[in-house]
Amino acid sequence: MPLEYSKKFTSVLYCRGVLFFSYVEVKDQVAEHNIFVYYIHAASFDSFPSRPAMTNESRLAFGFGFHPGTNDYKVVRIVEQNQPTGLEQHIEVFTLGRPMWMINRKNPFLLRMQPYAASFNERLHWLGQDKKDGSTIIVSFDLESENFHHIPIPDNCKSRLDGKDCHVVVLGGCLCLVDYNDIWSMKIYGIKESWIKEYTVMPFERLIGPIRPLCLLPNHNILIELQYLPQSLYVYSVDSMEIYKVRIHDLPPCHSYRVVSVVDDTLDSISNGCKQESPDA
């Protein structure tokens with residue numbers, strides 16, 4: 001990708017042929033967030049309208065998805081700050097091709113500030129918390145109506161899901177919950193009883209810590225990344241419970257890379273037989 005400048009990206013996301021990038025520049029103790037997208041097939045860039053500067057105490061997270069019914073790509077930007085009254089989150093939504101951000105979308109939940117959201121069933125998904133009772137849930141954002149909903153988590157997760165070791169991904173055509181090294185799959189979208197613990201990535205001397213599953217490979221293999229060790233790609237064999245290091249050849253010296261999960265959720269879910277149904281919540 002022909003970048004004219006070198007930046008340290010804070011977010012790199014992918015959706016249907018479009019890459020999303022964000023990076024932060026700090027000037028005079030004020031952080032400015034810059035955002036743009038790259039259309040892979042057209043080999044062209046498109047920048048976003050600027051946003052007001054933020055303090056260094058602000059925390060940011062993003063989601064990026066596509067709705068085939070409206071033919072719109074949308075970016076959700078979450079800005080979190082500590083206030084005297086407690087933790088506050090502001091939700092902003094931008095539709096590619098439109099001139100402005102929509103600010104402060106209503107959200108009855110508190111979203112987990114993680115570097116990516118899972119795009120599935122025309123919605124974005126994060127772990128979150130119900131503000132009413134404090135329970136941990138999966139929060140979904142409808143890319144058409146721009147409303148938030150909640151999805152229940154399985155009862156038998158081994159952790160409290162309150163740390164960075166847990167997150168939501170799309171794997172094998174299903175919405176999945178990663179609980180340290182256990183992978184739970186929701187076989188019928190939105191139905192709590194359809195959760196099953198489908199995979200457990202056994203720990204190895206070389207594989208210590210929480211994982212980020214990226215995709216299913218042939219022959220019951222899973223491509224994974226170690227969450228706390230960037231540029232650490234492995235293939236895990238479910239059948240033999242063995243792990244193999246993935247090496248990227250011909251990478252120039254002193255260059256790094258970011259791993260992006262590439263998922264077409266509609267085609268993937270159909271091919272794997274997972275049912276997509278909208279929750280009532």
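Cys 215 is partly exposed, at 25% relative accessibility. Here buried means under 20% relative accessible area, exposed over 50%, and partly exposed in between (1.4 Å probe, protein chains only). The model is predicted: local features need pLDDT of at least 70, side-chain atom pairs count only at pLDDT 80 or more, and totals for chains, interfaces and linings use all residues. Residues are numbered from 1 along each chain as its sequence is written, and side-chain values use heavy atoms, without hydrogens and water.

Cys 176 is buried, with a relative accessible area of 1%. A disulfide requires a pair of cysteine sulfur atoms within 2.5 Å. By this rule, the count is zero.

The largest nonpolar core holds 31 residues. Such a core is a set of buried Ala, Val, Leu, Ile, Met, Phe, Trp, Tyr and Cys residues joined through side-chain atoms within 4.5 Å. Phe 20, Phe 48, Phe 64, Val 75, Leu 96, Ile 183 and Ile 224 touch the most other members. A separate core comprises 16 residues, including Ile 138, Ile 151, Val 168 and Met 186.

Asn 107 sits in the loop between β9 (102-103) and β10 (109-111); strands are DSSP runs (E, at least two residues), numbered from the N terminus. Asn 107 is buried, at 13% relative accessible area. A polar atom of its side chain lies 2.8 Å from the backbone oxygen of Phe 109. Beyond residues up to four places away in sequence, Asn 107 touches Gln 89, Ile 91, Lys 131 and Phe 148 (contact: heavy atoms within 4.5 Å).

Note on methods
Helices (H or I, at least four residues) and strands (E, at least two) are DSSP runs, numbered from the N terminus. A polar contact is a pair of N or O atoms within 3.5 Å; within protein, one must be able to donate a hydrogen and the other to accept it, and residues adjacent in sequence count only if both atoms are side-chain atoms.
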